[in-house]
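Here are a few exercises to work through with the model open beside you. Try each task before reading its solution.

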Amino acid sequence: MSSIRIVADQTERAFQRRVEQYLNETNMAYRVANEGLEKASSYLKMEVEKHEFTRSQLSQAEALLLAEKNDHELLQQELTQTTDLLNEEEQDHEATQKSLTRTGALLEMEKEHHESTQLQVTQVNKRVQAIRNTMTEMTRQLQDARSQVAEKTKLLDDAALELDAAEQELDRRDIERAECDENHREMMKCRESMKEALENPVVHSDEAAVAAALERERESARKATAQLAQVLEEKEELVHEIKSLEDEGTEMYDSVSADLALAESELERVKRQRDDFMTIGKSMKEKITFRSRQAVLDEFGPGPHYVRLIFAFPTSPENESILLELAPLDIMPHTIHTFLRMVKERMYAEGTFILSRDHIIVGGPVDLHNNENNRMLEQRMIHEGYFPDGALLFIEYTPDYPHVQHSVGFNQAGGPIFYFNMRDNTELHGPHNGDGGGNKEGDPCFAKIVEGFDVVQRIAQLREGEGEFDSLGTSVYIKDTQVVNIAA
């Protein structure tokens, strides 16, 4: 029994040890499980947080995706619109290309027409000049004819005076002839008395006295007869001379009248021809003015138009420039169009300023210091039709844009030479009587300097001489010309 109890105790102790070990293991397992659970819980919590964060990001991503989708749809719509616009632009580009092609052809035609018009205007100007010369000559001939008429009228008046004097002389001779006739009648009476005395002799107391008286009567009769014959002869000569003078005066008057009528008829014909040419010239000027205005509007806009001239001074490493504001297009469209074309085509490039005076500075496509460059500039001007007959087809001048200080004008030939007015030259360069007594048209004034006055003064200070030899001592070259767009 005791052994059983011992065994039982041993067994119980062993069981208790196993229970304790189991409990320890269990507690250890619980602790490990708890730690695992805590870790799992923490991990799960983290995963939940990550899930929530991921879900939040997913929501944001969904929102962004929706926004992207909306943006994509908008971009798709914009792309569609852009494609349509590109198609329209392409069509417009093709239309513009066609328009440019047509415009190029029109410009070429316009250039040919411009050259033809310039040639026609030159020919018309030459014909008008010839007509003016003819009119001047006809006027001179008419004045000569009128002078001849005046001289011949004076001759006729002198002949009339001579005729009056001859008629007075004839009247005097008629009186003398009447006296001679009276003397002749007395003589005939004497003869009858003598004949009667001879037929019926009478004794006289003094025969010598009777004979002497008879002889005196005979001598008086002979003188009267001779005087009568002379008077008749002189009368015939005077009548013949008067008739000759009358015929000569009539012939002279008819000749002068015919010459005068012919001269007046020729003058009227020349005047009609001049009026016809003036009408043609006026029509051509109107067409050129209209086309010039349209060309400026199409190529450069309505204005105001600005041009920049860039200069190179020999003593300065940097270029200088001035800015010109052109005159309003409506008051001189042909001049504005011509200058803008020359500027755009750089026709003044490599030109120089050639002289400086107190009232003007002159420049253009010319180089007095370099013969080769000067020939090149001249050939270019000739090729484009700007020289030697001038760049303008006709002179445009308006008193609404006078030659005040710092304005810019073309020379009397109508360019391409231009000048800066250093003072008010309105009377000098405007319309006035020329040296020959005729009326001189005003020079075209087409721009004003609005920037670079110091540059202009710098050019003026390079003058080398005085009077007619006031050229520039050094060359100031025009390096470039630009049409600039200045926003209002």
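**Exercise 1.** Find the loop in which Pro388 is found, and state which residue a cis peptide bond joins to Pro388.

*Solution.* Start with the elements: Pro388 sits in the loop between α4 (371–383) and β5, where helices (H or I, at least four residues) and strands (E, at least two) are DSSP runs, numbered from the N terminus. Next, look at the backbone: Phe387 is the partner in the cis bond, with omega about 10°. Then move on to the loop between β5 and β6, which holds Pro416; the peptide bond from Gly415 to Pro416 is also cis, with omega near 5°. As background, most peptide bonds are trans.

A word on the ground rules: this is a predicted model, in which local features need pLDDT of at least 70 and side-chain atom pairs count only at pLDDT 80 or more, while totals for chains, interfaces and linings use all residues. Residues are numbered from 1 along each chain as its sequence is written, and side-chain values use heavy atoms, with hydrogens and water left out.

**Exercise 2.** In what order do the eight strands close into a barrel?

*Solution.* Follow the pairing, for which DSSP must find at least two bridges between two strands. The order is β1-β2-β9-β5-β6-β4-β3-β10, and the pairing is antiparallel. From one strand to the next, the twist averages 35°; axes are lines fitted to C-alpha atoms, for helices over the stretch in contact, and angles run from 0 to 180 degrees between N-to-C directions. Now zoom in on one pair: β3 (residues 351–356) and β4 (residues 360–364) are joined by four bridges. There, Thr352 stands opposite Gly364.

**Exercise 3.** Which residues touch the most other members of the largest nonpolar core?

*Solution.* Such a core is a set of buried Ala, Val, Leu, Ile, Met, Phe, Trp, Tyr and Cys residues joined through side-chain atoms within 4.5 Å; buried means under 20% relative accessible area, exposed over 50%, partly exposed in between (1.4 Å probe, protein chains only). Among the 42 residues, the answer is Phe311, Phe339, Phe353, Phe418, Phe420 and Phe446. Then take Phe311: beyond its neighbours within four places in sequence, its contacts (heavy atoms within 4.5 Å) include Phe353, Val455 and Ile459.
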